[in-house]
Amino acid sequence: MRSDTVAPSTLTLLCRNSLPGQFIRTGIIACVLVCAVISLPAPARAWGCEGHQAVALLAEKHLTPHALAMAKQILAEGPIDPSLSRYCKEGGIDPIADASTWPDDIRSSRPETAPWHYIDIPLGTSHRDVEKFCDPKESCVTRAITNQLAILRSLETDPRKRADALRFLIHFVGDLHQPLHAVTNNDQGGNCVPVAFFDTLPQLRNPQTESYAPNLHGVWDTNILAKATEGKTVDQVADDLNQSFQSKIARWQKGAVNVDAWTWESYQLAVKKVYGKLPTRIPVEAPHWIMSCADDNHVSARMLKLSERIEEQYQDIAAPTVRQRIAQAGARLALLLNQLWP
């Protein structure tokens, strides 16, 4: 089970009093699975609010009029429960952008959906048989996309279930394009790799699970994009990406729908960019199933000793990759929906 991340504002509060150059341990917030009891605080959110909403807004710019009308109609016929607590408070203006973050909000009430957000391909894998790494019992993001498309194609599906399927699809296409949602090094996609992000030092968030923040996964989810787009609204981010990648978007939309190939792209980027460009090399672990960052001989504690620091050089390498993957996710989401409702 992937661990959770916290909002940048929370990270600031946790780390404000940290001493420069030191990794200080302090802990709050749990994300543990014990027997049948599941406690899920804010879950891992690929791209965070801004990223997921940018994917949706960019996709809208490339939907056919019919596909756009169908998407809005389906969402309107199966609206989100108004009593649901929403993590992304500013997503309600555009229905498709608002839908993009809903799957993270319902993970505590529907814990069976948690594994649908990622696929764990072990770091060091050389073959491209992506499906091999999709647990047949729990499922994974590639199979979840296929399943939600099947629901949307069925005319007999209940309107609410159909709307939920569209919300899942919008979100999962975004998740799939986050490199750390397609890899593991016995570290839950980088969740068990404590890092310093500029002046924000890693803090122990939960002694039992040995989870830290910031961590590599959370930085790729939110911090890199937030730093690269500081001062911009999500609409401005989507407009900028649409303009910057205009010629590539046209090419991506002419390609075939190949979810496994898109997943392998993310895995390769994780190898080459996410792990490969870290200041301190992380060794490849022998694949081992873990439930928390305390497993695999205390993996997060071992990673903490590497004292990974993400600063300007890594940010300059990572930000273009983050921008391109969000743009690709938007273009390919539009491709899927345009083919679904030609």
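**Surface, core and helix packing**

Tutor: The chain exposes about 14,900 Å², of which carbon and sulfur atoms supply 53%; accessible areas come from the Shrake-Rupley method with a 1.4 Å probe, and for residues only the protein chains shown count as cover. This is a predicted model, in which local features need pLDDT of at least 70 and side-chain atom pairs count only at pLDDT 80 or more, while totals for chains, interfaces and linings use all residues. Residues are numbered from 1 along each chain as its sequence is written, and side-chain values use heavy atoms, with hydrogens and water left out.

Student: How many helices and strands does the chain have?
Tutor: The chain has 13 helices and six strands. These are DSSP runs numbered from the N terminus, helices being H or I with at least four residues and strands E with at least two.

Student: What percentage of the residues count as buried?
Tutor: Of the 342 residues of the chain, 56% count as buried, where buried means under 20% relative accessible area with a 1.4 Å probe, protein chains only.

Student: Which residues have the most contacts inside the largest nonpolar core?
Tutor: They are Leu216 and Trp341, in a core of 92 residues. The largest share of this core, 14 residues, comes from α13. A nonpolar core is a set of buried Ala, Val, Leu, Ile, Met, Phe, Trp, Tyr and Cys residues joined through side-chain atoms within 4.5 Å.

Student: And what is Leu216 in contact with, leaving aside neighbours within four places in sequence?
Tutor: Its partners include Leu180, Val274, Ile310 and Tyr314; contact means heavy atoms within 4.5 Å.

Student: Turning to Ala318, where is it found?
Tutor: Ala318 lies in helix α13, residues 312-340. Ala318 is buried, with a relative accessible area of 2%.

Student: Which residues does Ala318 touch, not counting those up to four places away in sequence?
Tutor: Ala318 touches Trp220 and Ile224. Ala318 and Trp220 are 98 residues apart in sequence, and their C-alpha atoms are 8.2 Å apart in space.

Student: At what angle do α7 and α13 pack?
Tutor: Helix α7, residues 159-176, packs with α13 at about 145°, their axes 8 Å apart. Axes are lines fitted to C-alpha atoms, for helices over the stretch in contact, and angles run from 0 to 180 degrees between N-to-C directions.

Student: Which residues make that contact?
Tutor: Among them are Leu166 and Leu169 of α7 and Arg325 and Ala329 of α13.

Conventions: Buried means under 20% relative accessible area, exposed over 50%, partly exposed in between (1.4 Å probe, protein chains only).
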